[in-house]
Amino acid sequence: MNTNTDGSSPTRVSTLAPKEGGGFPNPGLPPHSPRQTDISKPAEKRAERLVAFMFLLSVVGTVIFIAAYFLVTPLDTNIFAEEGTPRALWWSNLVAGLGLAIAVFFIGAAAVHWAKTLMPDEEWVEERHDIRGSDETRKAAAEMITGGLAETGIGRRPVMVTAMVAALAALPIAVLAPLSTLGPLPGNKLHHTFWGHNPGQRLARDHDGTPIKLSDVAMNSIFHVMPEGLTHETPHHLEERAKAAAVIVRIDPKLAKNDESMSMGVEGVLAFSKICTHVGCPVALYEQQTHHMLCPCHQSTFDVTDGAKVIFGPAHRPLPQLPIEVDAEGYLVAPGDFTEPIGPSFWNIHKDK
């Protein structure tokens, strides 16, 4: 038992003063004040029509949102501005945003107005009791629920209920409309990059496009590279750049743990995809002392000396390797594509090529 510092026992003091000692009696619930809709049938009908009208406005908002995806698009049809212009994008965002805002807002506004004007608003106090009540209590509870549903007037207000159902049924359609703009599935697109479309291309520095000689790559250095033939005039330029992004590093061949990986390089110079096999972030960090490549997004770590195998983090497979050779002028070239599809593992790498 706890004791005070002087050896005496602690005294328990109640924070609730008893009623006979001057405490406050339970004030109870305030008297119920009927609303206008409780005493006036016309007022009740007006509230019902207003709720139904707001649900119908929500349906209108859903229709506007869906129409925006077909009539007010940034790049194709736009009834307010020229297609492909910043103004077209502005109108597309404005109309779609307003439509969705109207759809969601008026469902909430209708529900709130319904609750405040038509739902029962009397307060009740029920004393706490055992979790499992008697059969009589359970029967009384069931009757209260049934009576509560009857008091809501759902059965007596078909117009309002129909409008509510229409609003709630129309809103999910607005979610389906954006799915039509997501484009086709990638299919086999990640199985082939610009390296494979044009075999024998030189490896060029990513920042200026100048080709790289074997003698340019110092020990423990790293280069971010692109195919030399990939220019701004190339169709789907940005998409091709994203897929072809690669890095080359040079390690001491004596440190190699994977003979197959080393055979795809030249004198310790190895090339790997820059796209992390976890979720596609750029693997752009290289530790010279450990020869590890790191993804800054989720810390997946790949061992360059062992074919860029995963040694830490959420990635599930090594970085795809790009075989490289040296041409007659001493420049590094890629005779073909990556050994595996680039990108995250969830793109079904075993799909037929």
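**Cys 297 and its partner**

I looked up Cys 297 to start, and at 35% relative accessibility this residue counts as partly exposed. I note that the model is predicted. Which residue is bonded to Cys 297? I found Cys 281, with the two sulfur atoms 2.3 Å apart, and the pair forms a disulfide. Cys 281 is buried, its relative accessible area being 13%. The torsion about the S-S bond is -105°, and I logged the link of Cys 281 and Cys 297 as left-handed.

I then placed both ends in the fold. Cys 281 sits in the loop between S4 and strand S5 (285–287). Cys 297 sits in the loop between S6 and S7. The pair therefore ties together parts that are 16 residues apart in sequence. For my own reference, a disulfide is a covalent bond between the sulfur atoms of two cysteines.

How many disulfides does a search of the whole structure find? The search gives one. I checked Cys 276 and Cys 295 anyway. A disulfide here needs sulfur atoms within 2.5 Å. Starting from Cys 295, I got Cys 276 as the closest, again at 3.9 Å and too far.

**Positive phi**

I went through the backbone angles next. Most residues other than glycine have a negative phi. Gln 299 is not a glycine, yet its phi is positive, about 65°. I located Gln 299 in the loop between strand S6 (292–294) and strand S7 (301–303). Gln 299 counts as partly exposed, at 42% relative accessibility.

His 236 lies in the loop between S2 and helix H7 (237–244). Is His 236 buried or exposed? I noted 59% relative accessibility, so His 236 counts as exposed.

**Strand pairing**

I traced the pairing around S2. Strand S1 (residues 201–205) pairs with strand S2 (residues 222–227) in the antiparallel sense, over three bridges. Ala 204 stands opposite Met 226 in S2. S2 also pairs with strand S3 (residues 246–250), antiparallel, over four bridges. Which residue in S3 is the bridge partner of His 224? I read off Val 247.

In soluble globular proteins, nonpolar side chains tend to be buried together. I looked for such groups here. The largest nonpolar core has 25 residues, and Leu 203, Ile 248 and Leu 332 touch the most other members. Helix H6 (194–197), S2, S3, strand S4 (269–273) and strand S10 (332–334) each give two or more residues to this core. S2 supplies the largest share, three residues.

I listed the contacts of Leu 332, leaving out residues up to four places away in sequence. Among them are Leu 203, Ile 212, Leu 214, Val 217, Ile 248, Val 269 and Val 326. The list also includes Gln 201, Arg 202, Lys 213 and Glu 325.

Conventions:
Residues numbered from 1 in each chain as written. Predicted model: local features only at pLDDT ≥ 70, side-chain atom pairs only at ≥ 80, totals over all residues. Heavy atoms only, no water. Pairing = 2+ DSSP bridges. Core = buried A, V, L, I, M, F, W, Y, C linked by side-chain atoms within 4.5 Å. Buried < 20%, exposed > 50% of the residue type's maximum accessible area, 1.4 Å probe, protein only. Contact = heavy atoms within 4.5 Å.
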